[in-house]
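Visitor: I would like to learn how to read a protein model step by step. Could we go through it together, beginning with the general idea each time?

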Amino acid sequence: NASPKLRPNNKRILIVDDQSFNIDAIIIILKHGVKLKNADICDKALNGLEALTMVIANVERNQYQCCDYDLILMDCNMPFMDGYEACHKIRQFLWEQKIQQPVISAVTGHTEEAYV
């Protein structure tokens with residue numbers, strides 16, 4: 001039973017949302033709320049399919065040894081591939097490569113009628 005391959009110190013954040021305004025807002029929150037010093041570590045994807053492609057490309061660049069994303073902030077409702085499916089496919093891909101999983105957190109503006 002091999003342990004997952006660990007990430008190097010190239011820590012990155014992937015922000016996934018189909019609204020670029022929301023991505024910009026998340027970066028502002030990270031800068032001011034958690035004092036993120038360098039927003040250059042944030043990559044952006046506009047849908048789940050693009051996020052999956054970016055994760056796979058990152059792992060390929062790292063010769064299947066690690067994934068540089070420590071945190072993925074994922075919108076739930078997006079075109080092409082929603083956040084739920086993207087999360088599942090990213091987790092499956094990294095698990096198959098025996099690569100340590102990043103934290104994936106849902107970020108959404110979706111509200112339920114009952115709570116409005």
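Guide: Let us begin with strands and their partners: helices (H or I, at least four residues) and strands (E, at least two) are DSSP runs, numbered from the N terminus, and two strands pair if DSSP finds at least two bridges between them. This is a predicted model, in which local features need pLDDT of at least 70 and side-chain atom pairs count only at pLDDT 80 or more, while totals for chains, interfaces and linings use all residues. Residues are numbered from 1 along each chain as its sequence is written, and side-chain values use heavy atoms, with hydrogens and water left out.

Visitor: Which residue in S3 is the bridge partner of Val16?

Guide: The partner of Val16 in S3 is Met74, and the pairing of S1 with S3 is parallel, running over five bridges. S3 also pairs with S4 in the parallel sense, over four bridges, where Ile72 has Ile104 as its bridge partner in S4.

Visitor: What is the order of the strands in the open sheet?

Guide: The four strands follow the order S2-S1-S3-S4, with parallel pairing. Strand S2 (42-45) and strand S4 (103-106) are the edge strands, each pairing on one side only.

Visitor: How do the elements of the protein run from the N terminus on?

Guide: They run β-α-β-α-β-α-β, and the secondary structure comes to three helices and four strands. A crossover is called right-handed if, with the strands pointing away from the viewer, the path from the first strand over the helix to the second runs clockwise; here S3, H3 and S4 make a right-handed β-α-β unit.

Visitor: Which strands does H2 touch where it packs on the sheet?

Guide: For angles, axes are lines fitted to C-alpha atoms, for helices over the stretch in contact, and the values run from 0 to 180 degrees between N-to-C directions; contact itself means heavy atoms within 4.5 Å. H2 touches S1, S2 and S3, and its direction makes about 135° with that of S2, whereas H3 lies across S3 and S4, running at about 160° to S3.

Visitor: Which residues touch the most other members of the largest nonpolar core?

Guide: In soluble globular proteins, nonpolar side chains tend to be buried together. Buried means under 20% relative accessible area, exposed over 50%, and partly exposed in between (1.4 Å probe, protein chains only), and a nonpolar core is a set of buried Ala, Val, Leu, Ile, Met, Phe, Trp, Tyr and Cys residues joined through side-chain atoms within 4.5 Å. Of the 20 residues in the largest core here, those touching the most other members are Leu14, Val16, Val55, Ile72, Met74, Ile90 and Leu94. At least two residues each come from strand S1 (12-16), helix H2 (48-61), strand S3 (69-74) and helix H3 (83-96), and H2 gives the most, with five residues. Leaving aside neighbours within four places in sequence, Ile90 is in contact with Ala51, Leu52, Val55, Ile72, Met74 and Ile104.

Visitor: Why does Phe80 count as exposed?

Guide: Phe80 counts as exposed because its relative accessibility is 71%. Its place is in the loop between S3 and H3, and Phe80 has a positive phi of about 70° although it is not a glycine. Lys98, found in the loop between H3 and S4, has a positive phi of about 60°, although it is not a glycine either, and Lys98 is partly exposed, with a relative accessible area of 46%.
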